[in-house]
Amino acid sequence: MSTANIYDGKGIYRYLDTAAAWTLAILWGMPLLYAIWTAFHPAEFSTSFNLMAPLTLDNFRKAWNAAPFARYFVNTFMLVTLVLSAQLVLCTLAAYAFAKYEFRGKTILFALVLMQLMIMPDVLIVENYRTMGRIGILDSTLSISLPYMASAFGIFLLRQAFKSIPKELDDAAAVEGAGPLQILWRVYVPLGRPVYLAYALVSVSYHWNNFLWPLLVTNTVNSRPLTVGLQVFSSTEQGVDWSIITAATLMTSGPLLLGFLLFQRQFVQSFMRAGIK
């Protein structure tokens, strides 16, 4: 086969890859574009894409007044902050131990941690609900966050990042008189900052959008997150107003979209560096 034919073949595959990527991007973006169009236009234009249709913010006002969104935002922010804070502490300590220390049963314990990745959280809902009921914390932010405070994915990701840090840095810090926790805080945590950022985005997006578990353990406005609060728009007694629904959806997902757009480069690079070696 000639060199020209090889390059032609690579060019065709590259063209097909690009076309497939653009097709997937368009398919992914179409629901978002429809939601943006519908949210910013009157209800009569939700299925009529008239470029001369008037813009309005009235749908957002109606959606905001239809439910206590301010309280839901506070609850969701407290939830993701509590979960992420606990995960960062626990995952950092566990990952540091698995990456830099040798102890009996290390391989078996790490295998058990990885087994958590194979278990869907929904399988444990009944037992988790019983546990929350026994300790008396149902209908609270703590009951939503407690089952997720230890993350196998976070431990695995940080362990891989810590294992890539040269041991010479440990020795240099030890010579300066730093203890194990000081080495962790001053050496490993700063070098793992891109991985922490990527994991934080994954964790926040998951718990911001989590629905089933918060639905089961919350009963009042004081503890419901945004995803559960959106139920108010599912009533079909007076018909479904897609303009208000999409406006409410954009209000709840807007912070996540903004965060991903701001940190998408760091998000991708951190996984490429951390990664899965």
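Asp139 sits in the loop between helix H5 (125–134) and helix H6 (141–145), where helices are DSSP runs of H or I with at least four residues, and strands are runs of E with at least two, numbered from the N terminus. I noted that Asp139 has a positive phi of about 60° although it is not a glycine. Most residues other than glycine have a negative phi.

I keep in mind that this is a predicted model, in which local features need pLDDT of at least 70 and side-chain atom pairs count only at pLDDT 80 or more, while totals for chains, interfaces and linings use all residues. Residues are numbered from 1 along each chain as its sequence is written, and side-chain values use heavy atoms, with hydrogens and water left out.

Because 10 of the 12 residues of H7 are buried, the helix is largely enclosed by the rest of the structure. Among the buried ones I listed Gly154, Ile155, Leu158, Arg159, Gln160 and Phe162. At the start of H7, I found a side-chain oxygen of Ser151 within 3.4 Å of the backbone nitrogen of Phe153.

I then asked which residues have the most contacts inside the largest nonpolar core. They are Tyr96, Ile155, Leu158, Phe162, Ile183 and Tyr188, in a core of 25 residues, a nonpolar core being a set of buried Ala, Val, Leu, Ile, Met, Phe, Trp, Tyr and Cys residues joined through side-chain atoms within 4.5 Å. H7 gives this core its largest share, 7 residues.

For Tyr188, leaving aside neighbours within four places in sequence, I wrote down contacts with Tyr96, Lys100, Phe162, Ile165, Asp170 and Ile183, where contact means heavy atoms within 4.5 Å. A second, separate core has 18 residues, including Phe60, Ile245, Ala247 and Met251.

Definitions and conventions. Buried < 20%, exposed > 50% of the residue type's maximum accessible area, 1.4 Å probe, protein only. Polar contact = N/O pair within 3.5 Å; in protein donor to acceptor, adjacent residues only side chain to side chain.
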